[in-house]
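The following exercises are to be worked through with the model in view. Each task is followed by a solution in steps.

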Amino acid sequence: KVQEGKANSKDLFNLVDKANNGNGSIDQGEFKQLAARLGVNLTDHRVNEIFAGVKKVDSAETVNMELNENEFEEAMKYIQDKNVGLSLEILGISASSLTGILVTITIILCLLFGFIFIGIEAFALGGIF
C-alpha cells in the first residue's frame, strides 16, 4: 500500500515500527525519520512540540517518549493541520479571508441564478423585462 501511495496512518505506523525495533511504539527518532521520508523536514523542537501536543505534557518532558498507534495517528493529523496552516499563511490567506471569499462567491452565484431565472420567466411569459 505504501508504494502505491494508498497507505493510511496505521500502515505507516506498522512500516516504521517493523523497520526499526517492532516494539509497538515509535520514538522521536523513528518519527522524524518517517517525516523526512514523507518530505516533511522536522526540527527536534518541532518533534518535541508534536509529542508534547499528542501526549499532553510539557515539551521539556518529551525526552525518550514513544507514541502508540492511536497517538501516532493524532501526530500525523497534527502535521497535516500545521502544513495546511503554513501553506495558507504562505499564500497570504487566513481562515477569515477564506470565509469572506466563500461568502462573496455564494452571493454572486445566487444573484446570477436569480437573474437567469427572472430572464427565463420573462421570456416564458412573453412580457417585457
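**Exercise 1.** Which helix supplies the largest share of the lining of the largest pocket?

*Solution.* The model is predicted: local features need pLDDT of at least 70 and side-chain atom pairs pLDDT 80 or more, whereas totals for chains, interfaces and linings use all residues. Residues are numbered from 1 along each chain as its sequence is written, and side-chain values use heavy atoms, without hydrogens and water.

Step 1. List the lining: Asn8, Ser9, Leu12, Ala35, Leu38, Val40, Glu73, Met76, Lys77, Ile79, Gln80 and Asn83. (On a 1 Å grid over the protein atoms alone, a pocket is an open set of points where a 1.4 Å probe fits, with protein on both sides within 12 Å along at least five of seven lines; lining residues have an atom within 4 Å of a point.)

Step 2. Assign the helices, which are DSSP runs (H or I) of at least four residues, numbered from the N terminus. H1 (9–19) and H4 (69–91) each supply at least two lining residues.

Step 3. The largest share, six residues, comes from H4.

**Exercise 2.** Determine how the buried residues of helix H2 are arranged and what lies at the ends of this helix.

*Solution.* Step 1. In H2 (residues 28–37), the residues Gln28, Glu30, Phe31, Leu34 and Ala35 are buried (under 20% relative accessible area with a 1.4 Å probe, protein chains only; exposed is over 50%, partly exposed in between).

Step 1. Viewed down the axis of H2, these buried residues fall within an arc of 160°, so they line one face of the helix. The arc is taken from the directions from the helix axis to the C-beta atoms. An α-helix has 3.6 residues a turn, so residues three or four places apart point the same way.

Step 2. After H2 comes Gly39, whose phi is positive, near 90°.

**Exercise 3.** Is Gln28 buried or exposed, and which side chain does Gln28 contact?

*Solution.* Step 1. Gln28 lies in H2. Because its relative accessibility is 18%, Gln28 counts as buried.

Step 1. The side chains of Gln28 and Asn48 are joined by a polar contact of 3.0 Å (a pair of N or O atoms within 3.5 Å, one able to donate a hydrogen and the other to accept it; residues adjacent in sequence count only if both atoms are side-chain atoms).
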